[in-house]
Structures are given as C-alpha cells and as structure tokens.
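The exercises below are meant to be worked with the coordinates open, each task being followed by a solution in steps.

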Amino acid sequence: MNDLKEFFNSLTAISSDSWEKLSEIFSPRTLKKGAFFISEGQTAKEIGFLESGILRAFYRNSKGVEYNKHFFVSPCFIGGYSSLITKTPNQINQQALTDCSLQVANYSDIEKLYDLYPEIERAGRILAELYFVQKEQREIEIVLLDADKRYEIFQKEYPHLEQFIPQYHIASYLGVTPTQLSRIRRKIPEK
C-alpha cells in the first residue's frame, strides 16, 4: 500500500483522512503470468494499482490476430477505463506477462469518495489527463513516425522491458513484424 500512497501523493497531496478512506477500499490481489485482469466483452467494475509485474493491453481482431496497445509496468493503474466510465463492454484485454501484485478497488467505491474528498477527485482528474496525453502521443507516434523512431521511443519509455517479454509482443506494439523488429535491432549498433 505504500507504493499506492506514494503514487497518489505524486499526483496531488492526499490528507491522512482521505488516505484512510481510500486505503479501506483497496485489497491485495495477485495475477499469475497469462491471467487476465479484464477481457474483451466484460463490463469493467474494478480498477487496479500495479505494485509489481508487467501487463499488456491488446485488441484481438475477428481473425484472432492480436495488436498490443500498451504495456503496464509498475507502479501504475490498470483497468478498462473506457468501460468504467461508459458502463459498456470492454474492448481491450489486459493480460499479465509476468506474475503481478496489485491493489484492487471497486471503481464505484472510488467515485463515492469524490464528493467527500476533493483531493481524491483531483488525483483522478490528473491521472485521466496524464493518460489522455499519453494516448495522444502514442497515436501520433504510430501515424507520423517510422518504425526505427518508434523503437527508439519504446526503448526510452520501457528501458528494461525487452529482457522480460517476448520480442513478438514488442513488434506488435510497434506495428511491425518480428522480422522487421530484428532488422531494426540489428541497425542499432551501427549508429
């Protein structure tokens, strides 16, 4: 729970009274490698704080082809955010790539605290703003940058991730084939 408290305080100062109420609604959970936090078609009800481990968020098309959208590396929040907000079925899968430790809360319990504890609502707003900016930057990268530059950004954003997850997940995230990723990686020492 200390990581969760530090994370909230990094967004905005949280009073001890607010923290007490907030900490009461979170409970520990583990996800084994390969397990899902949420799957497509489910309506999200929970939000998780990733204390340790790595998850991926991905779409699956009608032919079963998977497209990695995002990697979650601790400490961060996970969950089907659009589904939580709209109360409609989730379209993105979130799967553990390693064993993970989480703190999980029912999202409606967090919403109930917003009116009573403005700093919790402020933290939620700041977090939503950060995720919006992150999503917009990612969309720009995919559309405007070539694969070499996207790989360079990936390495800066996730400096140690390559040693923990398969290359085909990274290739999918970058929008290239595993063979193309191998070519990009071979070019790096030449620079």
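**Exercise 1. The nonpolar cores**

Task: Determine which residues touch the most other members of the largest nonpolar core, and then trace the contacts of Leu55 beyond its neighbours within four places in sequence.

Solution. The model is a predicted one, and its largest nonpolar core has 37 residues, of which Phe8, Phe37, Leu50, Leu55, Phe77 and Ile78 touch the most other members. Taking Leu55 next, and leaving aside its neighbours within four places in sequence, one finds it in contact with Leu31, Phe37, Leu50, His70, Phe71, Phe72, Ile78, Gln94, Gln95, Ala96, Leu97 and Cys100.

**Exercise 2. A histidine in a strand**

Solution. His70 lies in strand 5.

**Exercise 3. Two backbone details**

Task: Locate the cis peptide bond that ends at Pro75, and state where Lys87, with its positive phi, is found.

Solution. The peptide bond from Ser74 to Pro75 is cis, with omega near -5°, and Pro75 is found in the loop between strand 5 (66-73) and strand 6 (76-78). Turning to Lys87, this residue is not a glycine, yet it has a positive phi of about 60°; it is found in the loop between helix 3 (81-86) and strand 7 (93-96). Since exposed means over 50%, the relative accessibility of 55% makes Lys87 count as exposed.

**Exercise 4. Packing against helix 8**

Task: Classify how helix 7 and helix 6 are each oriented to helix 8, and identify the residues that make the contacts.

Solution. Helix 7 (residues 167-174) and helix 8 (residues 178-187) have axes 9 Å apart and pack at an angle of about 95°. Angles of 65 to 115 degrees count as roughly perpendicular, and helix 7 and helix 8 are therefore roughly perpendicular to each other. Helix 7 contributes Gln167, Tyr168, Ile170, Ala171 and Leu174 to the contact, while helix 8 contributes Pro178, Leu181 and Arg185. By class, these residues are six nonpolar, one polar and one charged.

For helix 6 (residues 147-157), the angle to helix 8 is about 75°, and the axes are 10 Å apart. Helix 6 and helix 8 are therefore also roughly perpendicular to each other. Here Ala147, Asp148 and Tyr151 in helix 6 meet Leu181, Ile184, Arg185 and Lys187 in helix 8, a contact with four nonpolar, no polar and three charged residues.

**Exercise 5. The chain as a whole**

Task: State what the radius of gyration of the chain says when set against that of a compact globule.

Solution. The chain holds eight helices and eight strands, and its C-alpha atoms fill a box of roughly 55 × 35 × 30 Å along the principal axes. For 191 residues, a compact globule would have a radius of gyration near 16 Å, and the 18 Å of the chain agrees with this. Of the 191 residues, 41% count as buried. Among contacts with a separation of 6 or more, 71% are between residues 24 or more positions apart.

Conventions:
Residues are numbered from 1 along each chain as its sequence is written. This is a predicted model: local features need pLDDT of at least 70, side-chain atom pairs count only at pLDDT 80 or more; totals for chains, interfaces and linings use all residues. Side-chain values use heavy atoms; hydrogens and water are left out. Axes are lines fitted to C-alpha atoms, for helices over the stretch in contact, and angles run from 0 to 180 degrees between N-to-C directions. Helices (H or I, at least four residues) and strands (E, at least two) are DSSP runs, numbered from the N terminus. Angles under 35 degrees count as roughly parallel, over 145 as roughly antiparallel, 65 to 115 as roughly perpendicular and the rest as oblique. Contact means heavy atoms within 4.5 Å. Ala, Val, Leu, Ile, Met, Phe, Trp, Tyr, Cys and Pro count as nonpolar, Asp, Glu, Lys and Arg as charged, and the others, Gly among them, as polar. A nonpolar core is a set of buried Ala, Val, Leu, Ile, Met, Phe, Trp, Tyr and Cys residues joined through side-chain atoms within 4.5 Å. Buried means under 20% relative accessible area, exposed over 50%, partly exposed in between (1.4 Å probe, protein chains only). The radius of gyration is taken over C-alpha atoms; the globule rule is 2.2 Å times the number of residues to the power 0.38.
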